[in-house]
Amino acid sequence: MMIKHRNRTFSRKPPLQAAILAGALVALLGCQGNPAASTSVNNGANSMQLQLTQEWDKTFPRSEKVDHRKVTFANRYGITLAADLYLPKSRTGDPLPAIVVSGPFGAVKEQSSGLYAQTMAERGFATLAFDPSYTGESGGQPRNVASPDINTEDFSAAVDFIGLLPEVDRERIGIIGICGWGGMALNAAAVDKRIKAVVTSTMYDMTRVMSKGYNDSVTLEQRTQTLEQLGQQRWKDAQSGTPGYQLPYNELKGGEAQFMVDYHDYYMTPRGYHPRAVNSGNAWTMTTPLSFMNMPILTYIREISPRSVLFIHGENAHSRYFSETAYAAAAEPKELVIVPGANHVDLYDRPDKIPFDRIAEFFDEHLQ
């Protein structure tokens, strides 16, 4: 049984965590694995070759109910993105409603977003799971940089691509953002009116957590110190000509908070490990937080209305307050579903926890 809430917020407060700023980052170094093939993509003046692995290297089993192929497309900044396209095998030839998926922050399309995309394709949608700019198999240099602007654009570029496919009805496109890409999805939906409905799952607002820390606990003094350190790192990067990278993510040393143990259980074990994922023992550039510090991406969340938003979060997730406060700030129509007993990463890959039936019902209703 799931706890559903409409038109109201919560009084319950999530537990405080000691982590500040950089602890919010979960990441991926740009290793490319063992590509079986390469695809040459011409982006006008910016031409590059992506190395695309052709074998099935997902963290979830392949479905016999869908057709799958690797695709590429360019965003508005000329960066070539790599994605997995999933189409239901039982399609009739009529244009399909479509869903674009990305996340979690620091993950790749072979992990959670691909699972969501394949599952929704089984339910009759054309779906696209993509690697954001600078990560995974997507283009962009240097590797493993995140940007609230560019990564919001990535969602819209994916809408561009899927909306032009002959199998798709471009007037019926929705998006799903998982974890840190939940915030990006909300930002994309606010600015891109072509997006007809949006779902967030176990959502993070990365601009909020990087600038204010967990539960907004960072003081002005701490924020100033972090910005001073980031400025000094820019000097080092400028002098060396290459960016410095953070320490490897999700390598436990003992004494970590439970949510960090949960991340390790997903990203560093056979359950969810992928060599291209930042969070699987790789890292973001040290200056990645800079573009998030002054950029509150949920400022215009009310402008998603009259299109609908479905927020999904785990009852026991350390990050639950992100969905609660975003839900309170959003205008109608909106819905918040709290999954009993679920923690943050349960909604990455646990079919018994992820409410796929509700997600399908939501898109069936709002992508009519």
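## Salt bridges, burial and packing

Glu 324 is buried, with a relative accessibility of 8% (buried is under 20% relative accessible area, exposed over 50%, partly exposed in between; 1.4 Å probe, protein chains only). The model is predicted, so local features need pLDDT of at least 70 and side-chain atom pairs pLDDT 80 or more, while totals for chains, interfaces and linings use all residues. Residues are numbered from 1 along each chain as its sequence is written, and side-chain values use heavy atoms, without hydrogens or water.

**Overall**
- The chain holds 10 helices and 11 strands (DSSP runs numbered from the N terminus: helices are H or I of at least four residues, strands E of at least two).
- Of its 368 residues, 59% are buried.
- Among contacts (heavy atoms within 4.5 Å) with a separation of 6 or more, 75% join residues 24 or more positions apart.

**Salt bridges**
- The count is 22 salt bridges (a side-chain nitrogen of Lys or Arg within 4 Å of a carboxyl oxygen of Asp or Glu).
- Glu 324 pairs with Arg 320, with 2.6 Å between the closest N and O atoms. Both residues sit in helix H8 (residues 320-329), 4 residues apart, or about one helical turn. Arg 320 is also buried, at 6%.
- Asp 84 pairs with Lys 58, with closest N and O atoms 2.7 Å apart. Asp 84 is in strand S5 (residues 80-88) and Lys 58 in the loop between strands S3 (46-52) and S4 (66-74), so the bridge ties together parts 26 residues apart in sequence.
- Asp 84 is buried at 0% relative accessible area. Lys 58 is buried at 11%.
- Both also belong to a salt-bridge network with Asp 57, Lys 70, Lys 109, Glu 110, Asp 131, Glu 137 and Arg 276.
- Arg 123 meets Asp 357 at 2.6 Å, N to O. Arg 123 lies in the loop between helix H1 (112-122) and strand S7 (126-130), and Asp 357 in helix H10 (residues 356-366), so this pair links parts 234 residues apart in sequence. Arg 123 is partly exposed, at 36%.

**Helix H1**
- H1 is mostly covered, with 10 of its 11 residues buried. The buried residues include Leu 115, Tyr 116 and Met 120.
- Just after H1, Gly 124 has a positive phi of about 105°.

**Nonpolar core**
- Nonpolar side chains tend to be buried together in soluble globular proteins.
- The largest nonpolar core has 98 residues (buried Ala, Val, Leu, Ile, Met, Phe, Trp, Tyr and Cys joined through side-chain atoms within 4.5 Å).
- Leu 128, Ile 175, Ile 176, Phe 311, Ile 359 and Phe 363 touch the most other members.
- Beyond four places in sequence, the residues touched by Leu 128 include Val 71, Phe 73, Ile 99, Phe 161 and Ile 162. Asp 84 is also one of these partners.

**Second largest pocket**
- This pocket (on a 1 Å grid over the protein atoms alone, an open set of points with protein on both sides within 12 Å along at least five of seven lines) has about 260 Å³ of space (the space filled by probe spheres set on the points).
- Its lining (residues with an atom within 4 Å of a point) numbers 17 residues, with Asp 205, Thr 207, Arg 208, Lys 212 and Pro 296 nearest the centre.
- Helix H4 (206-212), helix H7 (290-293) and H8 each give two or more residues to the lining.
- By class, the lining has 8 nonpolar, 5 polar and 4 charged residues (nonpolar: Ala, Val, Leu, Ile, Met, Phe, Trp, Tyr, Cys and Pro; charged: Asp, Glu, Lys and Arg; polar: the others, Gly among them).

How values were computed: On a 1 Å grid over the protein atoms alone, a cavity is a set of points where a 1.4 Å probe fits but cannot get out, and a pocket is an open set with protein on both sides within 12 Å along at least five of seven lines; lining residues have an atom within 4 Å of a point.
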